[in-house]
Structures are given as structure tokens and as C-alpha cells.
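Dear colleague,

I am passing on the structure shown below, together with notes on what was found in it. Please read the notes with the coordinates open beside them.

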Amino acid sequence: MPTSGPTRLVFISAAKFSYAEVDLTQPLHLVGPNNVGKTTLINILQLLYIDKESHMSFPGYSWPETKAYYFPDRRSYVLFECQTPQGRQVVGAYGKGPAEAHDIQRFAYTGAFEKTDFLSSTEQGSVPRKVEEVTQTLSLRDYRELEARNLRAALTGIGDSEGLNFGLIPVRDHDGYAKFRDLFKGLIRLRQLDQNALKERLCSTYASEVDALKVNLRDAHAEDFKKMRHYRREITELERHEADIEEALRCDRRQSELRRQLMESWIRLVRANGQCLAALRGKQRSLEQRLRQVDSVLDEAKDRKEDLSEERDTLNQSLGALHEEKKKLTDLVQRFSDFDAKAVRSRVDELVDERAQILFDLKSVDADSPEQIQARRDRVAKQIDELQKRLNTLRDLVGPLLKKRLGEDRLRRFFRILNPRLLALGADGEDVVLDDPDTLIQSMEAQEHRCEDKRWRFPGGHLSLSALPAPEIADYTDPERIREEVEKYQEEYERLDRRLEVAKNVSARKQRAEELEERLAELRSQLNTYEEAVEAEERLQEVTSKLTVRARELESMDEALSDIEAESRQLREEKRRCRARLKSIREDVEEMRERVRVLDSPPSDWSRHLMVAAVARTVRVDRSPVRDPAGSGGFAQNVLDLADRYQNEKDEESRVVQTLDQTLNRIHRGTYDQYKQETRAETLDVLADEKEGLDARRRAAKQLWQKLMTGLGRKISDLLSSLDTMKSVVSRVNRRLRGTSVSDLERLRLQITPFDSVTNLLGRVAEHDAMPLFGETGKYREDLEQLEELFHEHPEIHLTDLFTVGFSVTTVDGSTEKYDGLDNIQSNGTSITIKVLLHLVLINDLLRDDALRLPFYLDEASSLDESNLGGIVRASTDMGFVPVLASPSESTAVRHIYYLQSDGERVYLGPEHRVELRRKDEATTWTQRSSGSGER
């Protein structure tokens, strides 16, 4: 009978693959760089074996993202060709495209996979066919679409499969498929398997054989357990916050006392402050009146002083001006004592005549500079040299040569395009080399056809000759024309030479005229100053007389100002003393006001504390008179002392309030505002009541726990019995593993180790419940208290909470190593081997003894050495599984290897890319089944 199982996996325009075809009948190895699509190929096995999309797992991606990746459009197909009890059948899925959120549709049909059913040949290569064409083609092969329930029934043979029978997962009972599904996903994700997952997998696989998987006190007694937990939570919360509640109530009492004291202190402070302020204001008014009198006298003295100062300043200014004038007049008279005015006037007349003559000579001079004129003359000389040279060598120039051969008209046409200055170059080999003039003429004549209709044509277009100026051919070929140009430039040269000579003399004369102008201005200035010196000698005697009179007036003013200043100093000293006393009073007033202003008056509702306290004793208010400033301490000291006392009491009240708020906040945070009321007073009343009712809650919780304990012993017995069943199951698994060896691992055994602290407690409670007369009352009470704490923290005790799974590994050399769990295994190879073998045994236990082949992905292959990897491959193959390996480099653990390569965008993988490893005479050789890169 053929073995049931998938034979081929095919991708068509799916994920990264334009096409992929992989043989699943034998162990294989996918080799390629990272991110080329190895994991993509194998993870899709879930599409064949798992019925519902919600149970599939693609780490790091959601199912909508996965669908869009695997099935980007309506021509994306993933196919599994399978050997089934009914022969070859294909199970697959196609994408519905972006318009339908990349949903997929599963389907199945009878027969083997044929490439032409899904691909059509075109000039560009093979192209995926439309879904409508594919379904029409496959309609003759019993094509049908599959829902999740149909696929599950067809895989297991249990349920409504609508006539389909794949027989790929022949489970023993109805619950077997769900267990298989979890184990198969776990086999794909071995990396995530830890100790807890292993225990849960064992218990879920053999759940049908145990009496109970858990004891759930919350489900069995929901209301009572809820009440008990509520009481316990309240008791625990109250006990945890009991000290804070007591502190809050103590702070509340202290706050009431402090508020009564503050009301009394505030009354004393307000009265004392009013009396003190009244006395200080009287002193202040008296000092202010005296200050006003002193200010009035000072203002009068100031006015007199200002008037005298202004007069003195005016007098000083007058004296300064007279002294300055005297000095200037004296200097001027002395400077011109030996001056000859007649001789200077005669020299001025001579210079005026000389300057007038020079200006007359300059009227005919050109405005250009000598440098400009000389530059123009040099340019004209250069032009004469060039023309003379052209005339002397005219017979040897290019222009006459070409004019003689081509004629003037043809030459003019050519040199509209060419540079006319070529005509002035020598043809004797210095400027232009003409090895064969005839050839040049022929070449130019051959270009004449390009000139037509006054246009010069060239490849790709033409040029209008009228756009270019016609050259003057005579300038380069006619000797008479050249001689005329030479004569014209010679006349210009002579004219410029004459102007240059004149311009040079003009510059010198202009400079002389300027020098004469400066000298004339200097002499005229001296004559003007001399006339002023004559007048100054007469003014000097008058200024000296005025200086004597002004000096006597200034001395008298200084004496008067000195008397006013002495009087003002006495008045300012008195004013300073008054201001110092006034400042002291104002500072006292300000200090009192500020001290009282910054104080917060007690809220009006605090008066209730005062009225309540007044029943027991009378409030005493200090009515003693305010002390005079001459006494010790001053007027303000009494008020300041009362303010300090009030502030100290207020600070203490604030600290008490802060402590109370912090304490209540801790209580509210810890109880999630359970006791918080609209007002703080109501909250404190509730807390006081809760504290008083704490003992009542303890009694109620105890009664509820005794009620919950009824019948608990039987459930605990069932859970302990299930633990014994799991030990038997593990023994059965060990028998299945006994004949399996991997590399240097000769034998593997699972070991279940109970948690004695928990199982012994549960055992004693169950035993006392069964035979209460034989139990010790005191010991049983302690067990119940421990059990209550256990269920308080964990209302549900699962079978996995009672034991741990260990491993005993015997190697080929006979040594045995024991491990408490998966995390304690140092060897990665041993850990992976245990995970793989255990999953394979558990899956086999779920299936009937049918001929079956089941592929799985060994994602830890790259971390194993060749020996361990080869051992796992052989062991899994013997158990009916097909391991699929994947890594960037080859391995000799399997015979069939597929090489994946990407062209940067898409990947093509066909049967021709499979390589088979064969062994001959202990020498390893590689042979390629088929060659070629395949169709892309």
C-alpha cells in the first residue's frame, strides 16, 4: 500500500517565487543566503495541515500581512500534490487579490499536478493562468473548493468531508486533530519550546487519559469564592493600611485642637496690631510736620543759593571771556609787530599778472590727457605696420592666390562661412602650408553645390547666407585699396603726434597756475590778519580795565554763598535725624503690616472649634497697653511676637494637614479610592467604621473558607491521580524512545519529578477529607491555612503546577547525564534532539498505525553539527517523518539539496536545481540530477 503524505510543494507567482517545485517524499535541504525564501517555503506547510487561519502562526507577521505576501494577486497559487488512500490528489489555494483584501480560497482536485494546468506558454515565457481558466480546466478532475471544516474532515477522516479522503492525519479520536495541530506548530517553532510549554504539551496530548487537569476553586464556587476573595482583599487591605488609618485619625484630632488655638491667637494678634499701629501713626504725623518745616527753610536757602550761583556763573563766564580775549589780542599784536604791508601788496600784484598770462595760454589746449593721445597714436602706428606688411607680401598671401583661381564672387561666398582673416595669412608655409594648391581648389569647388538659393546647406540643416556679413575681399587682395588705407592712417598719426606735444606743455602750465593761486591766497590772508592786529592794539587797554572790576565782584559773591551753605548743613542734619526716626517708625509699621499681611487668617468655618472649646474654658485676650518705643523691644515687638506664635501654630497645622493628606493618599492609592468620600470628614468617618469592623470581616472570611472546603478533597484526589497517570504516560513515551538513538545519544528518558511541597500538602488534605477520624486536628488546621493561602494566590491549580520534567541522556560510551529541564542542557545538539524526538513520538501517539509520511521543518539545523543532524534525520525518517532542513551552507545529513538563488527581485526553483548526494567507497561525490537555470 503506498504511503500517504504530500509528494510535492509548488509555488506559482507566490511570495518571492515566480515558480518553485520541491519534492517532499524524501528528506531535503534548502540552501541559500538569508532572506532568499527558505523559511517562506516551509512555513506554508501550515496551509495544508491546519484548518483555520486563526490557528496559523507566522512569527513577526499578522495573518493579513502573510496573505498579502504569499498571494499578492489573483494569479498566485500554492499547491500540495499528495499521495492519498484514493490516489494522487492536489490540495491548494489561490489569492483573490487586493480588491478582496488578499483573501484566499482553498481547493482540491483529483490527479497529479500538471504544470500546464496553471501556466501558459507565451513568447516571453511561462505566464500564470487566470483562476477562471484554471478552475474550468480542473472541473473535469473533480475540482471543488474547500472550507476549514471540509479540510479538517478530509485530513482526519472524521466528520463531513463531502466525499474527500486525504488520510494525511489519521487521528485516533475526535480530539486528536486539535492536539496534532498544537504539536505540529510546536514542531515548526522548536526554538520557543521551554519547560512550561513542554509540560503543557504533555498534559494536553494525554488529557483524555487523566481524571482531572486542574482544580478550579473559582469556577466551582464562583459566588462564595468571589465573596471570600473580597473579604480577604478587604481584610488584607485594611491590615496593610491599619497603621495609616490610625495615623489619619490622630492627625484629625490634632488638627481640630490646632485650629482652636489658631482662632484664639488670631484674635489677640488683630487687637494688638490695631493698638500699635494707632500709636505709631501719631509719632509719624509729628515727625512729618517738622520735616515739612525744615524742607521749607531749606528750599528758601536753596533758592538764594541758586540765584547767587547763577550770578557767579555769569560773572565767571564773563571773566573767562575777557581773559581769552586779552590773550588773543596780545598774541595778535606781538605776531605783526615787524610786518611790511607795502612789500606784500606789491608782490600780490606781480603774481596776479603772471597767473593771468598762463590762463590765457591754456584756452586753446585740448582736454585729453597725454597718455590717452599717445595710446591712440600707438594703435594707429600698429595698424600702419600691419597694412604695410600686407602690401609688401601681397603676392604671397592666401587671398590673392584663391581670388586668382576662384574669382571674387565665389571667394566672397566661401568666406561668408569661413574666417576672412585667413585671406591675410602667408601661403609660403609660415602661417598656412599648401602642399597641393590644386587639391585645395578642387576641394573647395566640390563644396559649391552646398550654396543654393543664398543658403549654405550642411548635413542635418542649412544656413542663410544673408545672416552673415559679406567680407571685403579687396581689403586682402587689392594693392590700391591697401595703399589708400595706409595713407589715411599716416595722416591720423601725424595729427595725434602734434596734439601730444601740446598736451605735455599744458600739464606743466596748469601746475604753475595752481601754485600761483595758492601763493596769492596765502599773501592776501596775511594782509587781512595784519589789519585785525592794528584794531586789536586799541581794544587791549579796554579789556584790561574790565577784568579788574569783575574780580572784586566775584570775591563778594563767594562770601555770601559760604554763609548760605553753613545754614543749609545745619538744616540737613536736623532733617536727617527726623528722617531716621521716621524711617524707623515706618519700618516698624511696614514690618508689622507685612508680617500680618502674609499671615492667612483662619477660615470662618474654623470658629466651630472655638465655640466648642469655649464650653470648657474662656478665651483670654491680652488687653495690656502697647509699650512705648523708648522701652525695650519697641512698639512692634509685641505684635511680632504674637505673629510668630500664630505662624508657628499655622505651620504646625499645615504639617498636620500635609501628613493627613499624604496618609489618606496612601490609603486611597492602596485601596483604589474604595473608602474615599465626597469630603475628608466623611472619609475619616468611613475609615473609623472600617477599622472597627475589621474583626467581623475576619470571622466572615473564615466561615466562607470552611464552606469552600466542602468536597475539595475529592477534587484534589483526582488531580493527584492524574499526576500518577502522567507518570505512566511518560513511561510509555520512554518505551517508544527506547529504540531510538541519535549520533552519540544512545538512549533518552523523560522523568517526571513532583513538587513535593505542593503534592504532600494536597495529599494530606485529601487523606484527611477521606478519613477525618484518623487525622491530627492541629496538623490539619495548619494544612488548611497553607491551602487557603495557596488558593488565595492561585484559585486554579493545574496539573502542570505539580511536577517538572527532567531528562536522562545515556551516550554511546555508557555515561548518563541527568537534566532538571530544557534550560539546564548545556549542549544545544542534545536540547534540539530531545525537542524533535519528543514531538515526533507525541504526534505518532495521536495517529493510527497507517502508512504515513509527514514533512516537518527543522529550523535549528544550522546550529547542529553534521553528526547530530544526520542522527535526527535518520531517527525521524524511521518514525515516518520527512525532515526539511534550511541553512546558508550545505550539509551531508540529507541526500537531496535544493539551491536557491535570487536575481534581485524574484526566485525560480525547479527540479533541475535539486542536487543528490551519493556515497561510494566512503568517498563523497556530488551529482546533479539536471542542469540549467530553469525558466524564469
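Which residues gather in a patch of negative charge on the surface? They are Asp299, Glu300, Asp303, Glu306, Asp307, Glu310, Glu311 and Asp313.

Before the details, a word on conventions: this is a predicted model, in which local features need pLDDT of at least 70 and side-chain atom pairs count only at pLDDT 80 or more, while totals for chains, interfaces and linings use all residues. Residues are numbered from 1 along each chain as its sequence is written, and side-chain values use heavy atoms, with hydrogens and water left out.

Surface patches

A patch is made of residues with over 30% relative accessible area and no salt bridge, with like charges joined within 9 Å and nonpolar side chains (Val, Leu, Ile, Met, Phe, Trp, Tyr) within 5 Å. Asp and Glu count as negative and Lys and Arg as positive, whereas His and the chain ends are not counted; the place of a charge is taken as NZ of Lys, CZ of Arg, CG of Asp or CD of Glu. Accessible areas come from the Shrake-Rupley method with a 1.4 Å probe, and for residues only the protein chains shown count as cover.

Glu306 counts as partly exposed because its relative accessibility is 36% (buried means under 20% relative accessible area, exposed over 50%, and partly exposed in between).

A nonpolar patch on the surface is formed by Ile417, Leu418, Leu422, Phe458 and Leu463, which together have about 360 Å² of accessible area. Ile417, found in helix H13 (residues 408–417), is partly exposed at 33% relative accessibility.

Salt bridges

Side chains of opposite charge can pair when their charged atoms come close. With a salt bridge taken as a side-chain nitrogen of Lys or Arg within 4 Å of a carboxyl oxygen of Asp or Glu, the count comes to 37.

Glu247 and Arg250 form one of these, with their closest N and O atoms 2.8 Å apart; the two are three residues apart in helix H9, so about one helical turn separates them. Glu247 is partly exposed at 24% relative accessibility, and Arg250 is partly exposed at 40%.

Asp295 forms a salt bridge with Lys575, the closest N and O atoms being 2.7 Å apart. Since Asp295 lies in helix H9 and Lys575 in helix H16 (residues 479–597), this pair ties together parts that are 280 residues apart in sequence. Asp295 counts as partly exposed at 24% relative accessibility, whereas Lys575 counts as buried at 16%.

Arg129 and Glu133 also meet through their side chains in a salt bridge (3.4 Å, N to O), where Arg129 is buried at 16% relative accessibility and Glu133 is partly exposed at 35%.

Strands

Strands E7 (residues 119–122) and E8 (residues 125–128) run antiparallel and are joined by four bridges, two strands being paired if DSSP finds at least two bridges between them. A hairpin of two residues connects E7 to E8, and Leu119 has Pro128 in E8 as its bridge partner.

Gly5, in strand E1 (residues 5–14), is buried at 0% relative accessibility. The C-alpha atoms of Gly5 and Ile169 are separated by 8.8 Å, although the two residues are 164 apart along the chain.

Key. Buried < 20%, exposed > 50% of the residue type's maximum accessible area, 1.4 Å probe, protein only.
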